[in-house]
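Please examine the sequence and the model shown below. The paragraphs that follow lead through its helices and sheets in turn.

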Amino acid sequence: MTSGARSPAVGTNHGAIFTGDTTVQAPLVLPPPADVSTPHGMHNLPRPVGHRFVGRAAEMAALEQALQPRNERAATHVVTQAISGLGGIGKTTLAMHFAHTHRTDYTAVWWIDAETLETITSSLAQLTARVNAGTNTSSAPSADLAEWALTWLDTHPGWLLVFDNATHPDHLAPYLARLTSGDHLITSRLTYGWHDLGATPLHLDVLAPTAATSLLYQLTRSDPNSEASAAQELADELGYLPLALEQAGAYIRRTRNTYSAYLHRFRTQAARMLNTPGNGDPHSITIARTWRVTLDTIAERDPLAVHLLRVMAWLAPHDIPRDLLNGIADEPDADTDALALLNDFSMITLTESTSAMHRLLQALARTPDAQDPHRSDTAISQAQSTAATLIHDALPDAPETNTAGWPRWRALLPHIDAYLTHTHPETDTAETDWILYSASRFLRGQGRLSQATQYAHRSAATSARINGEDHPDTLASRNNLASAYASAGDLGRAIPLYKQTLNDSIRVLGEDHPDTLASGNNLAGAYASAGDSGRAIPLYEQTLTDSIRVLGEDHPDTLASRNNLAYVYASAGDSGRAIPLYEQTLTDRIRVLGEDHPDTLASRNNLAYAYRSAGDSGRAIPLYEQTLTDSIRILGEDHPKTRIVRDNLREARSKSG
């Protein structure tokens, strides 16, 4: 029963009764798309930010070459161009600059948020609303509006669609298949799949150093002559990545800071600064948030890929040998698939033999963050340990003499240095100690004495901390450190350390232990280098006697003792004893070690030196010439021992007249 002035008075109601208080809206009926003309100059481009576009002249020219000029194409001709690259590399900025620059070349330009299927549909629905200005389209389903937009686009040639931040080619395929009368410009972190859509790929790299520094100046609005060196250093530290430069520039300008101050803070708090919005807006895009989105996607597909990224963060950013990462996965070739996935999302750059990773991404991946599931303390510690194991297991043996392993050493050294730089000595493990010890020996043999000494010192301290002062490994590390000092000519530190190591070796290992014999040989060599043949000769003679008794006549250490004794005889002017001993050692080394062993080359050089010292240039010069030819072939033009032989030959020729 109803009542009231406008209530219907009926006894029974079997249907709908309208009182006039309800509005029934008729279904939205839009005109046929082909009948709706293009609004003049229609576009929805975000406002351009002029100062952000620097250093992309070549990339801009490539886009213009691919997409222009339009007047030479048929009306139904379509061009699809994709821009890929690491998050923060400037893909959107480049696309926006192109769209604004050439907006008048197109009948319409429409910017589409292509992150998801829903955002694509929404962007196309907004196009329908714009074309039908004055018509209320809010009640219509977005899918219907998007469908109308696609039909309208296909009947109105000459437009440009920018699909920004596309996450997968499959999301765009249905739309691109429908549209045959305009241009598509796609930005994406994905590097693959665009060929299947007929797209021409353009992969963005970081800015050139001068462009990166210029961007900083524009962002901070500072005088280019002010702190020029610090600005260049900051741009380098940020890896010339546009988003990182924008973040830093905005922060410096907002806080009235200096390049030097920001650089210092970044070096001490890299992860924090990468997560700090430059403009102070907590919702602003930052490097950390940009990459977090990508890592979330990668982790869903293959968690191993994210672990692999964390491991690579402890290595040098460039030329990471792919075979160094072999064995990181339990399943065969799983690491290959994980690397491919990281490359697909532009998180790394992959070649057939190497991979590379941006240094800022490395800094972020090495730093724990309780709010980021990809950067827990446990995950990062595990990655650090894995990196050490991979390096340790890849080291060639016999660093000083195994010439076949030298190319591998040279490939590994940047990654050894990076790992040791990023780790604190107090966290060094037994694996790290072996890396330090072995790398020091290789570097010393290559004449890189400063770094060799640094590594040897850290190795000695690490072994003492882990194993104790009297452990054989600690004694070996101390002996290696003394050798580094001696090679650098610092006999003031080398001799006391050699003495201490020899005494400790006798006490801990015994007089006949091979390491004890090696310590005695090294101390004698230091005495000889100091010109103290009075102490060097007896110690060498005793060491040689003991080596023959303990190790045998043909042991490489015995041959080394014999060579060194001959050297000290020659240095003391006793050619009569030096030459026969050198000749015997050379013969034995050829037989035992081979013609091309570095120790064999050293014996030839030493014998030639003894001949020259005895005034026998007729035998010295040909032997020097042969040794130089072999040294260049085996050791290389610039090896320290090659340079010594070259200098000896030059001096021998000059003195022979």
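Predicted model: local features only at pLDDT ≥ 70, side-chain atom pairs only at ≥ 80, totals over all residues.

Helix α12 covers residues 303-312 and helix α13 covers residues 334-344. Their axes lie 9 Å apart, and the two helices pack at an angle of about 80°. Angles of 65 to 115 degrees count as roughly perpendicular, and α12 and α13 are therefore roughly perpendicular to each other.

A sheet can be considered next. Three strands form an open sheet in the order β7-β9-β8, and their pairing is antiparallel. The edges are taken by β7 (320-321) and β8 (349-350), each of which pairs on one side only. Strand β9, residues 354-356, is joined to β7 by two bridges, and these two strands run antiparallel. Within this pairing, Ile320 stands opposite Ser355 in β9.

Another open sheet has six strands, ordered β1-β3-β4-β5-β2-β6, with parallel pairing. Its edges are β1 (42-43) and β6 (199-203); each has a single partner strand, so one side of each is left without a neighbour in the sheet. The partner of β1 can be followed in detail: β1 and strand β3 (residues 108-113) pair in the parallel sense over two bridges. Here Met42 is found opposite Ala108 in β3. Helix α1, residues 57-67, packs on this sheet and touches β2 (79-84), β5 (183-188) and β6. The direction of α1 makes about 160° with that of β2.

Which helix has an axis that comes within 7 Å of the axis of helix α3? It is helix α4 (residues 142-154), whose axis crosses that of α3 (residues 117-131) at roughly 65°. That angle makes α3 roughly perpendicular to α4. The crossing of these two helices is left-handed. On the α3 side, the contact involves Thr121, Leu124, Ala125, Leu127, Thr128 and Val131. On the α4 side, the residues include Trp148 and Trp152, together with Leu145, Leu150 and Leu153. Taken by class, the contact of α3 with α4 has 12 nonpolar, three polar and no charged residues.

A further helix pair has another arrangement. The axes of helix α25 (residues 598-613) and helix α26 (residues 617-634) come within 9 Å and cross at roughly 155°. Since angles over 145 degrees count as roughly antiparallel, α25 is roughly antiparallel to α26. Their crossing is left-handed. From α25, the contact is made by Leu601, Arg604, Asn605, Leu607, Ala608, Tyr609, Tyr611 and Arg612. Among the residues that α26 contributes are Arg619, Leu623, Tyr624, Asp630 and Ile634. The classes represented in the contact of α25 with α26 are nine nonpolar, four polar and four charged residues.

Finally, aromatic rings deserve attention. The model contains seven aromatic pairs. One of them is formed by Tyr262 and Phe266, with 6.5 Å from centre to centre and 15° between the planes. This pair is stacked. Where do Tyr262 and Phe266 lie? Both belong to helix α9 (residues 259-268), where they are four residues apart, about one turn of the helix.

How values were computed:
Residues numbered from 1 in each chain as written. Heavy atoms only, no water. Pairing = 2+ DSSP bridges. Contact = heavy atoms within 4.5 Å. Axes fitted to C-alpha atoms, helices over the stretch in contact; angles between N-to-C directions. Parallel < 35°, antiparallel > 145°, perpendicular 65-115°, else oblique. Left-handed = near helix turned anticlockwise from the far one by under 90°. Nonpolar A, V, L, I, M, F, W, Y, C, P; charged D, E, K, R; others polar. Phe/Tyr/Trp six-rings, centres within 6.5 Å; stacked < 30°, edge-to-face > 60°.
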